[in-house]
Amino acid sequence: MSRVPSLSRDDAASVHQQPLWDRIEAERKMPTANIFRSLANAPVLLDAFLSYANAMRDSSLLSPKLRELAILSVGHATGSEYEIAHHQSHGRKAGLTDEQLAAVAEGDSTELFNDTERAVIALARESTLNVNVSDASWAAAAKHLDDQQMVELTLTIAWYNSGVRVMGLLGIELEDSYRK
C-alpha cells in the first residue's frame, strides 16, 4: 500500500497544478501510473522528474534497446516488480524478443545477446548491486559505446536505480493492469 496518497487531477491543490496534469496525460500512458500519482504530492519535483526522464528517452544517443536492457537489468537486480512490469512493453517496442526479456533476469550469460548488450547488462547489474564498477566492466561497454553514450548509459542506470528506490520507499503498488 502506498505510503502517500495517490493523487489525481481532481486532487490538485490549485488551478496552477492543472498544467502539470495536462502534461502527464499528454506525455504518459493513461490511466496515470501510480508512480506519477504518488509523486504528484511534490508537484514541482514531479515536473522536473518528467523533464529529466523525457530528456533521457527522447534526446539520448543511446539506443532504445540498450536503454531498456539497462533499465530492466536494474529492475531485476533490485527485484522491482514495478520497474520490470512497466518496462517489458518498452523493451518490446525497442526490439527485444520475449525470450530476451525473460533472459535479462539471468544477467549477461545468455547467448541471446550480442557483446554490446551483454556488456550493458553486466554494467547495469554491477553498478546496481555494488555501486562502483570494475574497470573491466566499464571497458567492456566502452569498447562499443562512445563517451557520450557511456555518460548517457551511466545516467540511465543511476536514474532508474533512484526510481526503484523511490518506489520502494513510497510503497508504490503495481497497477492491476500490469499484473499477469
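Reply: Helices here are DSSP runs of at least four residues, numbered from the N terminus. With that convention, Ala94 is placed in the loop between helix H5 (81-93) and helix H6 (98-103). The model is a predicted one.

Me: What is the mean pLDDT of the protein chain, and which helix has the highest confidence?
Reply: In this predicted model, 99% of the residues of the protein chain reach a pLDDT of 70 or more, and the mean is 93. Confidence is lowest in helix H1 (residues 18-27), where the mean is 90. At the other end of the range, with a mean of 98, stands helix H8 (residues 135-142).

Me: How many helices and how many strands are there in the protein chain?
Reply: Read along the sequence, the pattern of the protein chain is α-α-α-α-α-α-α-α-α. The count for the protein chain is therefore 9 helices and 0 strands.

Me: What radius of gyration does the protein chain have, against that of a compact globule?
Reply: The C-alpha trace spans about 50 × 35 × 30 Å along its principal axes, and 67% of the contacts between residues at least 6 apart in sequence join residues at least 24 apart. For 180 residues, a compact globule would have a radius of gyration near 16 Å, and the protein chain agrees with this, at 17 Å.

Me: What percentage of the accessible surface of the protein chain belongs to carbon and sulfur atoms?
Reply: Of the 180 residues, 45% count as buried. The accessible surface of the protein chain comes to about 9,500 Å², and the share belonging to carbon and sulfur atoms is 55%.

Me: How far apart are the mean positions of the positive and negative charges of the protein chain?
Reply: The protein chain carries 17 positive and 25 negative charges.

Me: Is Leu46 buried or exposed?
Reply: Leu46 has its place in helix H3 (residues 43-58), and, leaving aside neighbours within four places in sequence, Leu46 is in contact with Leu20, Ile24, Phe36, Leu39 and Ala40. Because the relative accessible area of Leu46 is 1%, and the cut-off is under 20%, Leu46 counts as buried.

Me: With which residues is Gln88 in contact, leaving aside its neighbours within four places in sequence?
Reply: Gln88 is found in helix H5 and is buried, with a relative accessible area of 15%. Once the neighbours within four places in sequence are left aside, its contacts are Leu72 and Leu101.

Me: What is the C-alpha distance between Leu96 and Pro64?
Reply: Leu96 lies in the loop between H5 and H6 and is buried at 4% relative accessible area. Beyond four places in sequence, its contacts include Lys65, Glu68, Leu69 and Leu72. Ala94, in the loop between H5 and H6, touches Pro64, Lys65 and Glu68. Leu96 and Pro64 are 32 residues apart in sequence, and from C-alpha to C-alpha the distance is 10.0 Å.

Me: Is Val131 buried or exposed?
Reply: Val131 is found in the loop between helix H7 (115-130) and H8, and has a positive phi of about 70° although it is not a glycine. Since its relative accessibility is 64%, and the cut-off is over 50%, Val131 counts as exposed.

Definitions and conventions:
Residues numbered from 1 in each chain as written. Predicted model: local features only at pLDDT ≥ 70, side-chain atom pairs only at ≥ 80, totals over all residues. Heavy atoms only, no water. Helix = DSSP H or I, 4+ residues; strand = E, 2+ residues; numbered from the N terminus. Rg over C-alpha atoms; globule rule 2.2 N^0.38 Å. Buried < 20%, exposed > 50% of the residue type's maximum accessible area, 1.4 Å probe, protein only. Contact = heavy atoms within 4.5 Å. Areas by Shrake-Rupley, 256 points an atom, 1.4 Å probe, with all protein chains shown as cover. Lys, Arg positive; Asp, Glu negative; His and termini not counted. Charge placed at Lys NZ, Arg CZ, Asp CG, Glu CD. pLDDT = per-residue confidence, 0-100.
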